[in-house]
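Colleague: Hi! Could you walk me through a few spots in this model before I set up my calculations?

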Amino acid sequence: MPAKPAPIKKAVKKEAKKEVKKEEPAPAPAPEPAPEPVPEAPPAEAPPAEAPPAEAPPAEAPPAEAPKAPTPPPPEAAAEAPPAEEVKAPTPPPPAEPTSEPLELVVEDVNDTSVTIQWRPPATIGNAGLDGYTVESCKEGTGDWKAVNEELTVSCRYVIKNQTTGDHLNIRVVAVNAGGRSPPAVLPDAVLVREVVDRPKIHLPRILRQRYVVNVGEKINLVIPFIGKPQPVVSWTKDGQPLDTKRVNIRNTDRDSIFFIRISERADSGVYEMCVKVDSFDDKAQITLQIIELPGPPASVKIVDTWGFNVALEWTEPKDNGNTTITGYTIQKADKKTGDWFTVLEHYHRMNATISDLIMGNTYGFRVFSENKCGISEAATVTKASATIQKTGIDYKPPVYKEHDFSEAPKFTTPMQDRSTTVGYSTKLLCSVRGFPKPKIMWMKNQMIIGDDPKFRQINNQGICSLEIRKPGNFDGGVYSCRATNEYGEATVSCKLEVKQPVIADADKK
């Protein structure tokens with residue numbers, strides 16, 4: 001029967017597993033050779049040293065099975081046991097390989113003593129990774145390549161320094177890893193070590209292209225950028241003269257010049273000129289600086305005239321305008337009884353003024369302040385004399401005006417337009433008329449006075465005349481006229497009204 005061998009295999013497997021379990025303590029007898037003579041001990045220890053560290057004991061298990069198993073195991077169990085005890089040697093790692101060559105090697109900048117280059121990492125790096133780059137150079141016409149960097153650089157940018165002006169250098173870059181050096185990336189042409197001359201140019205900020213105004217005491221910090229190669233020489237002058245370094249601090253970098261005044265004074269006002277120069281090329285820019293402060297008071301103020309409740313004042317410009325134009329004046333008055341000052345006029349631009357609405361019997365003094373962009377003057381100029389408003393001697397004679405004659409014959413300012421309407425839909429006729437005295441309005445239809453016919457509604461409001469025809473019929477069409485009449489004449493305006501039948505759709509007719 002083919003079904004019976006299957007349990008035998010399971011039993012054999014179980015017996016084989018039990019035998020393996022029983023044979024596991026077999027390594028215990030290994031120390032038995034210890035009582036034997038000393039010369040034999042080294043051979044007993046040798047096998048563990050030659051075999052792999054963890055796999056040595058299982059290798060000795062098969063010999064231990066022979067003495068204890070009186071009968072050999074079934075052939076199927078013997079065939080299955082060895083694969084479980086086989087030992088595979090570890091796979092050696094693949095050999096390290098160098099990377100591919102660096103990409104896109106270009107020159108970024110050149111000056112009299114250095115060359116700046118940059119590149120991109122290799123396209124293929126591999127399992128060994130990338131330790132860094134070596135930059136090498138040699139003079140044109142020689143093959144003596146020398147490493148520029150003592151240690152590997154991981155950056156993709158490098159500055160080759162301490163070069164001689166006028167030399168032609170060949171440059172290459174090599175990527176390095178555990179697999180060795182990659183193929184070099186070489187510049188196609190030799191590089192001439194010399195500064196590339198760029199014409200200098202000042203980029204003056206927009207705010208400095210017009211007059212730059214600052215209050216006295218404020219800090220001034222201006223940054224003016226420029227370009228040029230090699231490094232431009234920057235110089236400053238004020239009104240054509242060298243700068244006073246005690247008042248103005250100048251700090252120049254390779255890209256801009258900083259103009260700094262810690263505490264500005266009016267003496268710092270003027271035209272400053274900046275000049276950047278490279279070889280025989282130069283560029284100039286001017287900055288107009290204006291330092292302003294509060295103005296002084298007007299030079300003098302006097303009362304010119306007094307009449308009724310009014311006083312006329314005049315004054316002169318201040319001696320000190322604060323280094324800017326005067327924008328206005330503030331006039332104040334004070335009653336001698338109280339001495340309190342009240343503002344009468346502000347931001348006044350003229351040099352004279354008339355003060356009105358003064359109180360009869362009071363005596364007044366006046367003072368004037370000056371104003372500019374910085375503010376109002378701290379002090380004011382007061383009138384030396386006072387103005388007294390007298391109580392008597394005031395006679396007011398009103399002027400005589402000729403009365404204007406507004407009489408006028410009626411005149412239509414807006415005529416009536418011809419109209420058309422539909423039977424049953426109310427409509428209005430409009431016109432406008434003027435005249436003095438107020439003209440009498442009369443509406444007519446076909447030269448017949450309409451009168452108080454309730455079908456018509458007549459309205460006259462402030463010279464606007466309207467005639468409303470309520471739900472006109474077929475016989476309400478015709479010529480409508482509006483007549484305006486007063487004692488100086490009359491005027492008439494007319495229009496034509498057409499009354500149409502409503503349009504009936506064919507479906508409605510049926």
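Modeller: Happy to. S137 stands opposite K146 in β4. Strands here are DSSP runs of E, at least two residues, numbered from the N terminus. This is a predicted model, where local features need pLDDT of at least 70, side-chain atom pairs count only at pLDDT 80 or more, and totals for chains, interfaces and linings use all residues. Residues are numbered from 1 along each chain as its sequence is written, and side-chain values use heavy atoms, with hydrogens and water left out.

Colleague: How many bridges join β3 to β4, and which way do the two run?

Modeller: Two bridges, with the strands antiparallel; β4 covers residues 146-147. Two strands pair if DSSP finds at least two bridges between them. β3 and β4 form a hairpin with six residues between them, and G141 in the turn has a positive phi of about 95°.

Colleague: And over how many bridges does β3 pair with β6?

Modeller: Eight, in the antiparallel sense, with β6 spanning residues 168-177. As one example, C138 has N170 of β6 as its bridge partner.

Colleague: Is β3 mostly covered or mostly open?

Modeller: Mostly covered: seven of its eight residues are buried. Buried means under 20% relative accessible area, exposed over 50%, and partly exposed in between, using a 1.4 Å probe and protein chains only.

Colleague: What about E136, buried or exposed?

Modeller: Buried, at a relative accessible area of 7%. E136 sits in β3, residues 132-139.

Colleague: Which side chains make polar contacts with the side chain of E136?

Modeller: The side chain of R172 does, at 2.6 Å, and so does that of R181, at 3.0 Å. A polar contact is a pair of N or O atoms within 3.5 Å; within protein, one must be able to donate a hydrogen and the other to accept it, and residues adjacent in sequence count only if both atoms are side-chain atoms. Leaving aside neighbours within four places in sequence, E136 is also in contact (heavy atoms within 4.5 Å) with residues including W145, A147, I171 and V174.

Colleague: Switching to the backbone, where are the cis peptide bonds you'd point out?

Modeller: One joins K229 and P230, with omega about -5°; P230 lies in the loop between β12 and β13. Another runs from F436 to P437, with omega near 0°, and P437 is in the loop between β30 and β31.

Colleague: What is phi for K471?

Modeller: Positive, about 40°, although K471 is not a glycine. K471 is in the loop between β34 and β35 and counts as exposed at 60% relative accessibility.

How values were computed. Helices (H or I, at least four residues) and strands (E, at least two) are DSSP runs, numbered from the N terminus.
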